[in-house]
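Hi,

Here is the structure I promised to pass on.

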Amino acid sequence: MNINNIKNLLNAYFVENWKRDIIWMGGVMAGITLLANMMNPYTYVEVFVAVIFMLVMTQRVFINLGNASQSIHYLMIPASYKEKVATNMFLVNIYAVVLMLLSIFVGYSLFYIVCKIGGVSNLSPFLGKYKTDQAGSTILLFYMALSVFFFGAVYFRKKSVLKTFSAILAVCFALSLISMLVLWLNVHLTMHTGMMNVQYSFLSDSSNLPELASNILGFIFCIGFIVFFYALSFLRLKETEA
């Protein structure tokens with residue numbers, strides 16, 4: 001990959017979108033955070049909205065693929081498919097995430113200042129509501145979802161957020177049906193009650209893995225999941241250019 005091509009792609013994006021990002025993403029997100037905390041400081045409405053903004057961002061960075069003439073122009077830009085995907089990965093995974101975090105910080109800071117000036121008592125510590133013991137797993141789950149919607153933006157091109165979400169629901173529904181069918185077959189066709197008790201006992205015993213080993217396996221799975229969908233994104237754009 002040519003670093004100069006990536007710089008040119010980033011410059012082109014920021015020239016066209018920096019004002020809109022600051023006003024419509026940063027400003028709106030800060031305002032939502034302020035209002036949400038003023039209404040109820042113990043909810044996480046702003047976090048939910050930020051996640052939606054992030055998923056929409058995956059569609060925006062590939063929006064040119066959804067229009068025939070713009071798609072041709074985008075694919076003809078003097079940069080390889082690897083450089084285009086890498087640029088958009090930076091915009092989605094770093095730039096937009098930092099923008100959302102700064103916007104929430106600004107909105108929450110304004111809320112805190114207003115409460116202090118107004119003499120509100122029993123305020124939680126500054127940014128205390130966002131502290132959690134599950135921060136690591138939450139971040140991994142967020143980036144897993146982001147990788148799926150990123151691939152969906154390359155694959156579906158138009159209305160990718162809605163189509164990707166629909167595809168996820170369809171897959172979950174299909175897996176649920178398969179799981180229920182397999183369970184039904186095991187219970188009613190192949191297993192006696194005694195065998196079921198032995199199997200359930202075995203599963204119960206085998207689930208008591210050391211916590212550290214379980215965490216490591218979960219971390220490896222999440223990283224592999226993220227790498228897999230970004231690799232698919234590279235392959236899909238390469239196929240589109242071809």
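Leu212, Ile216, Phe219, Ile220, Ile223 and Val227 together make a nonpolar surface patch of about 580 Å². Patches here are made of residues with over 30% relative accessible area and no salt bridge, with nonpolar side chains (Val, Leu, Ile, Met, Phe, Trp, Tyr) joined within 5 Å and like charges within 9 Å. Areas are from the Shrake-Rupley method with a 1.4 Å probe, and for residues only the protein chains shown count as cover. (Exposed is over 50% relative accessible area, buried under 20%, partly exposed in between, with a 1.4 Å probe and protein chains only.)

Before going further: this is a predicted model, where local features need pLDDT of at least 70 and side-chain atom pairs count only at pLDDT 80 or more, while totals for chains, interfaces and linings use all residues. Residues are numbered from 1 along each chain as its sequence is written, and side-chain values use heavy atoms, with hydrogens and water left out.

**The rest of H8**

H8 has 31 residues and spans 45 Å from first C-alpha to last, close to the expected 45 Å (1.5 Å times one less than the number of residues). Helices are DSSP runs of H or I, at least four residues, and strands are runs of E, at least two, numbered from the N terminus. Buried in H8 are Cys222, Ile226, Phe229, Tyr230, Ser233, Arg236, Leu237 and Thr240. The buried residues of this helix pack against H3, H4 and H5, a contact being heavy atoms within 4.5 Å.

**The core**

Which residues have the most contacts inside the largest nonpolar core? They are Met54, Met57, Phe62, Leu91, Val92, Met100 and Leu237, in a core of 37 residues. H1 (3–39), H2 (45–60), H3 (68–75), H4 (81–117), H5 (135–156) and H8 (211–241) each supply at least two residues of it, and H4 gives the most, with 10. A core here is a set of buried Ala, Val, Leu, Ile, Met, Phe, Trp, Tyr and Cys residues joined through side-chain atoms within 4.5 Å. Leaving aside residues up to four places away in sequence, Leu91 touches Leu10, Tyr13, Phe14, Met57, Val61 and Ala96.

**Salt bridges**

There are three, taking a side-chain nitrogen of Lys or Arg within 4 Å of a carboxyl oxygen of Asp or Glu.

- Arg60 pairs with Asp21, closest N and O atoms 2.9 Å apart. The bridge links H2 to H1, 39 residues apart, and Asp21 is buried at 0% relative accessible area.
- Glu46 meets Lys129 at 3.0 Å, N to O. Glu46 is in H2 and Lys129 in the loop between H4 and H5, so the pair ties together parts 83 residues apart in sequence. Both Glu46 and Lys129 are buried.
- Glu239 pairs with Arg236 at 2.5 Å between the closest N and O atoms. Both lie in H8, three residues apart, about one turn of the helix. Glu239 is exposed at 52%, whereas Arg236 counts as buried at 18%.

Have a look at Lys159, which has a positive phi of about 50° although it is not a glycine. Lys159 sits in the loop between H5 and H6 (160–190), and its relative accessibility of 59% makes it exposed.

Cheers
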